[in-house]
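Come along while I look things up, entry by entry.

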Amino acid sequence: MSGAAAGGEGRSGDSPAGRWAGWKLLALGLLSASSVLVAAPAAQAMSREEKRRLGGQVLEMFDHAYSNYMEHAYPADELMPLTCRGRIRGQEPSRGDVDDALGKFSLTLIDTLDTLVVLNKTKEFEEAVKKVIRDVNLDNDVVVSVFETNIRVLGGLLGGHSVAIMLKEKGEDMQWYNGELLHMAKQLGYKLLPAFNTTSGLPYPRVNLKFGLRSPEARTGTETDTCTACAGTLILEFAALSRFTGASVFEEYARKALDFLWEKRQRSSNLVGVTINIHTGDWVRKDSGVGAGIDSYYEYLLKAYVLLGDDSFLERFNTHYDAIMRYISQPPLLLDVHIHKPMLNARTWMDSLLAFFPGLQVLKGDIRPAIETHEMLYQVIKKHNFLPEAFTTDFRVHWAQHPLRPEFAESTYFLYKATGDPYYLEVGKTLIENLNKYARVPCGFAAMKDVRTGSHEDRMDSFFLAEMFKYLYLLFADKEDLTFDIEDYVFTTEAHLLPLWLSTANQTAPRKNVTTEYTELDDSNFDWTCPNTQILFPNDPMYAQNIREPLKNVVDKSCPRGVSRAEESLGSGPKPPLRARDFMASNPEHLEILKKMGVSLIHLKDGRVQLVQHAIQAASALDAEDGLRFMQEMIELSSQQQKEQQLPPRAVQIVSHPFFGRVVLTAGPAQFGTDLSKHKSGTRGFVAVSKPYNGCSEITNPEALKEKIALMQRGQCMFAEKARNVQKAGAIGGIVIATIFKDKMIPNYILDSNLEMESMDQKSSDNDSHNQRSEEMAADLNLGSHHSEEGGGLDSPTESSGNSFSFENQDSCVPKPQEASSSQISELDEYPEEQSKTESDSSPSNTWDNKGQSMESILADWNEDIEAFEMMEKDEL
């Protein structure tokens, strides 16, 4: 998520907003360059009425998304538009690192504050600010991403404060406002500072909002690596916080992190890697590009110069930019390279986050490559309706998801401001139409799970409201349509507004320029004054059109549109390809499908199975694409399982005859529904076997399950589906029994794609199965060790003998099926199913009567048994 600074030609004056003109500017004059252009004949000028209509359409789309968030999700962090409810961390299946943005602080509302003002919704803004002040708590016991919290929450609070004081100065709205958002921003800034407690000055990637780092309660502070963008995308927000409050500590920490990254660049290539060790400064991932992991580091170097006026930031950016154009830019492509061998490409695909780069090039003043790359991206969008998360150099889908990212809309806006070419208005119109046609749902806009099939994901990220609608509205708005001058502000990477007058406010003490060892560069490319637009655009109305024309068919030539899998499935063609979640290495039909997709299966001596894909060995180009998707799915499933295996085991205690609480079984908890660690006695009740036993369809014996713990067999469907079915039948919890032979092992999978050069191992362990056949066995579901708040997904059954979950309310346990699909790799049953059986001769009701004991007396020793269980190294009978 990136943004480019908005600005006009340098203006002088006594107002704070005009003082920034004294700085030597790089290329802000570009944004007013449309005055020297005339519309190209190939792109007919859009009428003012049409622009107004499209701007109104953007407002209606924003209202649809925002009102549904406020109605169905607030105060949750994000809206889940398919199920019309809020996403609350810990109550939904974990999505891994994506959830680190969620901190139980009404993320979407804070991220949207200044968007409301840009869209002239000042009354709604005033109400939203009051809600944030009244309802938002920043002292939650939750581990969050320092990077995401900075750009979304801290940036959102600062952007909201910036426009609030602007409105107050106008004398009409926000007259009651007294800097409350700034006070919250300062409070949050101090909560992020513990992350900087490293010798290098690079921040830890995560921090606990309540407990910081280090302490046992924090559950973080052991990481060793962070991404370059994570450490290098802080200076705008932290410096603005220092300039607003006078507390210089924030800007000092952000500067130190940037200084360290600069010193650790690869000196011969002047490139930086994707991931760095925060303690030693060694590069962990040595590939370099302008996409994910690095993108906003470059952006913030240039914008830090614009906002703060420090020449060293511009010098660093120019040095990096020269290296980018020398090694990474292969017009119209931007391909990752190795920092030590920059002439060698590190991958054959590009990720969608690089779509911000043409906008940054506009700010830089390098317009031609910006037009080229933007046009290439637009051709990809026209083929797939959206920009896939990643696509290959021949423009095929590599990662099919699209979480409604705004970077392409951002670059479209800045290219239009720089060129005045109405072609970019038509591009924006296409974006609007695609969003309404393919992503709009009754409760908002849903991310695309697969751009090829049009399937949705129950997700609407906060940046969609913070950035997408802001850039689209500004694209079609004339200056008189706005209530303030947008060119008095710099856009952060999350499109939050920071006023340019901060450059002269509460400046830190003069610092020695730590930038050293610059490469001698061609000065003609880095003029210090606003560029002459007559040189950039040599009075040629066809300038941009002539650059775009050779790229019009670049995608179709490399990747002609064929029959999609979705289209095949509608006809009599072959069935959709094998999905990773369904794969079984013992199934001959599956192995034949793998061979067709160019995927080889190799059995290793240690019992593991290696999967290797070679696209050239696939039966067809379409099969090769299927194989690539299969490998990516398997990597994601393996990664999820590895994370799940790190969670501690939990306990199921059998308290009925003949065990009386002395039998405690190991279980992996479901990562949805009630958090059993928050309940002293867990979930307690009698056990009843579900019918059907697998729990994958409607339960036929609901009367037997009512108010009891359902016993089910693992396999044939997702855990979440089992949970929904038994909950609907009236069960208070569930136990899923593993079905693997004792002393047998599920093979590990090593995934090796020759395109990604990645491999991931799955750990496996022996499993014991325990299937209690008695219809009336009493059991306790309890967690014998601490349950992490962020727990994600469903625990791998290879770690435990079964999975357990309990229900607290009707919605606590009903995730979308696709959200829980990461657990499906655990259903790779490679061996005949056999169950360990424990039988009871009598029902518990008779048992209790015969023994003359009450349930309370039998459970008297329960706490003692659990304490003993917690002390055991391993749970074995």
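Predicted model: local features only at pLDDT ≥ 70, side-chain atom pairs only at ≥ 80, totals over all residues.

**Entry: Glu263**

I looked up Glu263 and found a relative accessible area of 32%. Buried means under 20% and exposed over 50%, so I noted Glu263 as partly exposed. Glu263 has its place in helix α8. I also checked a distance: the C-alpha atoms of Glu263 and Gly281 are 9.4 Å from each other, and the two residues are 18 apart along the chain.

**Entry: the whole chain**

Next I stepped back to the chain. I noted 26 helices and 32 strands. Of the 877 residues, 62% are buried. I then turned to contacts between residues at least 6 apart in sequence, and 74% of these join residues at least 24 apart.

**Entry: α7 and α8**

Back to helix α8, this time with its partner. I wrote myself a reminder that two packed helices are described by the angle between their axes and the distance between the axes. For helix α7 (residues 235-245) and helix α8 (residues 249-263), I have an angle of about 155° and axes 7 Å apart. An angle over 145 degrees counts as roughly antiparallel, so that is how I recorded α7 relative to α8. The crossing of α7 past α8 is left-handed.

Which residues in α7 and α8 meet? From α7 I listed Ile235, Phe238, Ala239, Leu241, Ser242 and Arg243. Facing them from α8 I listed Val249, Phe250, Glu251, Ala254, Arg255 and Leu258. I sorted the residues of this contact between α7 and α8 into 8 nonpolar, 1 polar and 3 charged.

Is α7 mostly covered or mostly uncovered? It is mostly covered, with 10 of its 11 residues buried. Glu237 and Arg243 are among the buried residues of α7, and so is Phe244. After α7 comes Gly246, and I noted its positive phi, near 85°.

**Entry: His161**

Phe244 turned up again when I looked at His161: the two are in contact. Leaving aside neighbours within four places in sequence, I also found His161 in contact with Tyr177, Gly179, Leu181 and Leu182. His161 has its place in helix α4. Its relative accessible area is 6%, and under 20% means buried, so I put His161 down as buried.

**Entry: the nonpolar cores**

Which residues touch the most other members of the largest nonpolar core? I found Phe125, Leu435, Phe445 and Phe469, in a core of 179 residues. Helix α4 (residues 146-170) gives this core its largest share, 12 residues. There is also a second, separate core of 13 residues, and I jotted down Val652, Leu665, Ala667 and Ile709 as being included.

**Entry: α9 and α10**

I went on to another helix pair. Helix α9 (residues 295-308) packs with helix α10 (residues 311-328) at an angle of about 150°, and the axes are 8 Å apart. With over 145 degrees as the cut-off, I therefore wrote α9 and α10 down as roughly antiparallel to each other. α9 passes α10 in a left-handed crossing.

For the contact, I listed Tyr297, Tyr298, Leu301, Leu302, Ala304, Tyr305 and Leu308 on the α9 side. On the α10 side I listed Asp311, Phe313, Leu314, Arg316, Phe317, His320 and Ile324. I counted the residues of this contact between α9 and α10 as 11 nonpolar, 1 polar and 2 charged.

- I found a cis peptide bond from Pro331 to Pro332, with omega near 0°. Pro332 has its place in the loop between β9 and β10.
- Another cis peptide bond joins Lys691 and Pro692, and its omega is about 5°. I located Pro692 in the loop between β25 and α22.
- Lys104 has a positive phi, near 60°. Its place is in the loop between β2 and α2, and I noted it as partly exposed at 36% relative accessibility.
- Arg219 also has a positive phi, near 60°. I found Arg219 in the loop between β4 and β5, partly exposed with a relative accessible area of 26%.

How values were computed
Residues numbered from 1 in each chain as written. Heavy atoms only, no water. Axes fitted to C-alpha atoms, helices over the stretch in contact; angles between N-to-C directions. Helix = DSSP H or I, 4+ residues; strand = E, 2+ residues; numbered from the N terminus. Parallel < 35°, antiparallel > 145°, perpendicular 65-115°, else oblique. Left-handed = near helix turned anticlockwise from the far one by under 90°. Contact = heavy atoms within 4.5 Å. Nonpolar A, V, L, I, M, F, W, Y, C, P; charged D, E, K, R; others polar. Core = buried A, V, L, I, M, F, W, Y, C linked by side-chain atoms within 4.5 Å. Buried < 20%, exposed > 50% of the residue type's maximum accessible area, 1.4 Å probe, protein only.
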